[in-house]
Amino acid sequence: MSVPILWYLLLAGALFAIGAFGALTRRSGIAVFLSIELMLNAANLTLVAYSRLLGDRTGQMLVFFALAVAAAEAAVGLALFIGIYRLRRTIDVGRMNLMRW
Amino acid sequence: MELAIFVLLAGTALGSAILVVFHRNPVSSTMSLVVTLVATAGLFLMLGSPFLAALQILLYTGAILVLFLFVIMLLNVRRERTIHSRAPGLTWGAAICSAIFAGATMRLFWAAYATAPTPPLDAEAFSLRAVARELFSTYLLPFEIIGLLLLVAVVAASWIAKRPGPGEPGEVP
Amino acid sequence: MSLLPYLWLVPALPFLGAAVNGLLVRNRHKGLATAIGVGAPGLSLFVALACLWEFLHRPGHAPFELLLYPWTAGDLAVDFAFLLDPLSAVMLFVVTFVGFWIHVYSAGYMAREPGYRRYFAYLNLFMGAMLLLVLGNNYVVMFIGWEGVGLCSYLLIGFHFDQDVPPKAGRKAFIVNRIGDFAFLIGLFALFASFGTLDYDKLNMAILANLELARAPFCLGLSLAGFVALCLFVGAMGKSAQIPLYVWLPDAMAGPTPVSALIHAATMVTAGVYMVARTNLVYQLAPGVLLFVAVIGALTAIFAASIGLAQNDIKKVLAYSTVSQLGYMFLAAGVGAYIAAIFHLATHAFFKALLFLGSGSVIHGMGGEQDMRKMGGLKSHMPATYRTFLIGTIAIAGIPPLAGFFSKDEILASTFAGGHFVLWAVGLLTAGLTACYMFRVVYLTFHGKFRGTRDQEHHLHESPKSMTVPLIILAVGAVAAGWIGIPAGMWELAGTEDRNLFHHFLSPVIATIPGEGGTGHALSHTAEISLILASIGIALAGILIARRAWGGGRGVAADESIAKAAPAFYRLLENKYYVDELYDRLFVRPLARLARFCWKVIDTVIIDGGLHVVAFLTELTGDLGRFTTTGNVRQYALYFFAGALALFWWMIF
């Protein structure tokens, strides 16, 4: 018996929620970033599931590109982390309060 | 049989996802994420997309997370004291929002696809050949632009992260 | 070439002069200000005289209407139009002629005044408004002029706004006037609501066609005619200073003397009389109110005359005299002798303006002193002023053949003929008082020894030509103006035909009600002669009493002995029967309290408080809102997520 598509989708939803929670809650910048990657991954999973459900290759294409973009984003984001660390000696997100009134 | 594999992979993914969020040691978090991504790759495979599974492992786990580890090493990121901040409101708010989101999407999916059977895998349509053909015909332009994007990202990343010259603020630890 | 179509120039020129002087001319261009300020009324006088000349030659003195701008709003059709008929012709002449000479006088009197240009602007503005009042062909244009002269009165009384008294006096005048204006408007509303028009001719025709409606009970137990008549008369009470709304006129003496002469003697205060004469049809239909008018007039006349006897400020005496003479005019109107009222209005304009300008000359010579107790013996220092003032005094006392005699006598004769013997007696007594207090002024001011200071004595001088020439011209008027109105009775006595030109001229204006006999008072010859002798007699009596008391160099001794003999009575008179104090207690203080309440409570607490609350709430919201801008990135991320969630929710469900 094959696995109903629904389960893949539910799993993706759960992964996304976990990732969201992590992104909002963790103090360390790295941890936030990791959570974000988790969310992206969940989105990819959803896309692939839909691709299978609808029999359309487009979903897989989107995942391909999402993967590439995630890579670019990770590179730049980590570079930013390095820059911030140099200036502020911390990557504690709670300390980034330049936008305070 | 398939079901068992699915349960195994899904369980692993979920479990290590939770670990990602709750580990205090950043290295542990990263490792947990690796596990999650590999499990997801397995799921991709089960969904009939070996290409993406391979790509996931190569790119994500092989490159991106390695990059993460390098940066962790470089910045000597310590263990956090607690994972959540001194803002319980924030934690609860995040928890509630996530829960609502999860609940909403799951309910949505349930309503739409509870009874939908998994369509049979069209091996031909999902084969590597077909995917590659599509990638290099219909999606040729995005493909090239992605290349450009990656170039830009690399350049930007290396510039942002370079050592500061004499007189500029900041220093490599 | 007919100048009648240019009648509109008569009010327009003074308005133009006011605008130019008020807005364009600078204070240092005194010559230009004078040229415009005196020239505008001068030109206006010229056009007015030309129009009058033409009018007099029209067959049957047919009324001339000039439509300037038709204006209709729904049911209300009020054209901006002028009417030149006998009544407005008389008023036009009085206003332009006397007005012009007072402007000339002002050029001399106000020569050293810093606000010279502003003065002439206001004065011209007044002329324009007064001319609108008398020339309008409907009650609305009259009301525009009515309000306009009220405004200018306020502006001119309070001319020396930097002093203490004038602004208060100006305010008092305006507010008391306002009470009258309010009633006036109610009357107009009632007229319009009942007859649908406010034009003089159309209204008269509508009333004559609808006599039952006019006589039908309307409001407050009065018929429609009675109600309207009463309301309009209250307006006249305010404008023409009758009891109980006269209190502003004596205070108005705080304004410059030419202003007192023009506004508060010759023109503005007579607007009420003009209005009653114009509305004579309505008054004829309301005999009760008419009697009320007569009673108020007589009461005011004697009341004011008694106060005038005990005043020491020369202008105040003249002010009360004006109130008293206005009372005579209303007495005349009240007994149905509208023409006699207008006649007295005209003669009074001449001699009262003369007296005021003369007093101005005296004040000018005394360097600003107005208290008669400090004057005396001025006849040798200011002969021209003395002689003209004396002529005015004789005229007001009612000595023939000067103007005052004829008009006053006609009023008294009409009163007697109408059977109002009590009112006649009051009028007669007032005539005596008038002669008495006016000659008191002459004796105290011009005769006897000088009672002022050394410096004042050295300063004494006759006034310049710009001031004395108008005095002379007005004196001529005071002498001769009466001769066009010599009553029919006297002509009969003289054995010639009735040459009462004035009466014949104005009779078309008095409406006749079909079914009612005319106000024909035929007095027997004996009655006529006796009345004339009585008037002359009491006037002479007044003069002789004055002479005994204040003449022959006795000066103020008489005042002092009266004060000693009957201190309470004298104090009562001197303090104007404490009416102002009474009003203050009854009306002013409670109103002031109410105003303060409105200010302190309603305005400050409630309205401002409301605003403050709104501002406070806004601030509070802002302060609370600040909590969202913590700069805490994670909080912002949470907001993002929550917002996206909300959007997601909304889109899906």
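**Chatting about three chains**

Visitor: What does the side chain of Arg86(A) reach at 2.8 Å?
Guide: In this predicted model, that side chain gets to the backbone oxygen of Lys162(B), at 2.8 Å. A polar contact is a pair of N or O atoms within 3.5 Å; within protein, one must be able to donate a hydrogen and the other to accept it, and residues adjacent in sequence count only if both atoms are side-chain atoms.

Visitor: Is Arg86(A) buried or exposed?
Guide: Arg86(A) is buried, at 10% relative accessible area. Buried means under 20%, exposed over 50%, and partly exposed in between (1.4 Å probe, protein chains only). Arg86(A) is part of helix 3 (residues 58-88) of chain A. Helices here are DSSP runs of H or I, at least four residues, numbered from the N terminus.

Visitor: Before we go on, what are the ground rules?
Guide: Residues count from 1 along each chain as its sequence is written, while chains are lettered from A and ligands numbered from 1 in the order in which they are written. Since it's a predicted model, local features need pLDDT of at least 70 and side-chain atom pairs count only at pLDDT 80 or more, though totals for chains, interfaces and linings use all residues; side-chain values use heavy atoms, with hydrogens and water left out.

Visitor: New topic: how many residues of chain C are in contact with chain A?
Guide: 10 residues of chain C, and they meet 13 residues of chain A. Contact means heavy atoms within 4.5 Å.

Visitor: And how many salt bridges cross that interface?
Guide: The rule finds 0 between chain C and chain A; it asks for a side-chain nitrogen of Lys or Arg within 4 Å of a carboxyl oxygen of Asp or Glu. Helix 28 (residues 633-652) of chain C gives the most to chain C's side, with 6 residues.

Visitor: What about the largest nonpolar core, which residues touch the most other members?
Guide: Leu84(C) and Tyr283(C), out of 216 residues. A nonpolar core is a set of buried Ala, Val, Leu, Ile, Met, Phe, Trp, Tyr and Cys residues joined through side-chain atoms within 4.5 Å. Helix 16 (residues 338-365) of chain C supplies its largest share, 18 residues.

Visitor: Who's in contact with Tyr283(C)?
Guide: Skipping neighbours within four places in sequence, the contacts include Phe233(C), Val289(C) and Tyr338(C).

Visitor: Last one: where is Asn124(C)?
Guide: In helix 4 (residues 116-135) of chain C. Asn124(C) counts as buried because its relative accessibility is 0%. Leaving out residues up to four places away in sequence, Asn124(C) touches Pro14(C), Ile36(C) and His103(C), among others.

How values were computed: Helix = DSSP H or I, 4+ residues; strand = E, 2+ residues; numbered from the N terminus.
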